[in-house]
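Subject: Structure handover

Hello,

Here is the structure for you to look through.

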Amino acid sequence: MSLDSADNRIVETEKRLGVSMWIERALIVLVLLLHQIDGGDGCLASSCGKIRNISYPFRLKVDPECGPYELSCENNITLLSLLSGRFNVEDINYNNFTMRVVDPGLQQSNCSSLPRYFLSTSNFTDSHTDTLDMYENIYEEEYYQYQYIVFLSCSHGVSGKRKYVDTGGCLNWDSKGYTYAMAGDLLTKDLEVGCDVKLVALTSWWGLNPNNYSYAMMHTALVYGFYLSWIRLVCEHTCGFDNHTYCHFNDSTHSVQCLNDGMA
């Protein structure tokens, strides 16, 4: 699926629902855009809390200018400033160019805790700035699937719709209303009259069972967080911008390879 077709579907769906969210669930990699790929040689690694190896292309604020992307360390928690907020960094994998982040508003033992940030298409751009970008899956065998958890506030109880999962008293935006959570796609036909979308959050957790959703499962998925990757610029650095050249991640060698479609 091309980015253009995904964008067209996003625009069409947003017009119908009147909310800033997108519906298309895709097997894609979220790309953390960095300013450069080169450099970093000779820079010492730092650590903060559970993140024991903070090295190029990342650095802490207190570190020398060895990496283009800055993290902060507060109360032994590694933080990534992203868009309009800051996310807890749970893991950095330099082998496959990914990092896992979690919204700081979430607490594992508190089912009433919610993400602080609403993620919508307007959060994502195609510019080389410190923002996120959507990118087609370039992994042949290993990829990251993400899906959305949608929170809805309804003026009446909803029955007979499996997608609408009761939050079990954990959440209540309106004392006279009902609060539901939904995992995955929210189609126009699924949006009940009298229900409003209050929040859309993102997860890369693989444990969501589409045949047995529960709010406890959705909350666990949100606490797991979602993946970001800086592999787009690794590919651009390695393969360039040739329209006939494709970037492939080799999971065995933990490296990218440039493949030509034969049309050059």
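Strand β10 (residues 147-154) and β13 run antiparallel, and eight bridges join them. Within this pairing, Val150 has Val200 in β13 as its bridge partner. Strands here are DSSP runs of E with at least two residues, helices are runs of H or I with at least four, and both are numbered from the N terminus. Two strands pair if DSSP finds at least two bridges between them.

A word on the source: this is a predicted model, where local features need pLDDT of at least 70, side-chain atom pairs count only at pLDDT 80 or more, and totals for chains, interfaces and linings use all residues. Residues are numbered from 1 along each chain as its sequence is written, and side-chain values use heavy atoms, with hydrogens and water left out.

Back to the strands. β10 and β13 belong to an open sheet of four strands, in the order β11-β12-β10-β13, with antiparallel pairing. Which strands are at the edge? They are β11 (165-166) and β13 (195-203), and each pairs on one side only.

Next, the aromatic rings. The whole structure holds 10 aromatic pairs. Rings of Phe, Tyr and Trp (its six-membered ring) pair if their centres lie within 6.5 Å; planes under 30 degrees apart are stacked, over 60 edge-to-face, and the rest tilted. One of the pairs is Phe58 with Trp230, edge-to-face, at 5.0 Å centre to centre and 85 degrees between the planes. Phe58 is in strand β4 (residues 58-60) and Trp230 in the loop between β14 (226-229) and α3, so this pair ties together parts 172 residues apart in sequence. Phe58 counts as buried because its relative accessibility is 2%. Trp230, at 4%, counts as buried too. Buried means under 20% relative accessible area, exposed over 50%, and partly exposed in between (1.4 Å probe, protein chains only).

Phe87 and Tyr117 make a tilted pair, 5.0 Å centre to centre with 45 degrees between the planes. Phe87 lies in strand β7 (residues 85-93) and Tyr117 in the loop between β8 (98-102) and β9 (132-136), so the pair ties together parts 30 residues apart in sequence. Both residues, Phe87 and Tyr117, are buried.

Ring pairs also link Phe58, Tyr69, Tyr94, Phe97 and Trp230 into a cluster.

Last, helix α3 (residues 231-239). Seven of its nine residues are buried, among them Ile231, Leu233 and Cys239. Gly240 follows α3 and has a positive phi, near 80 degrees.

Best wishes
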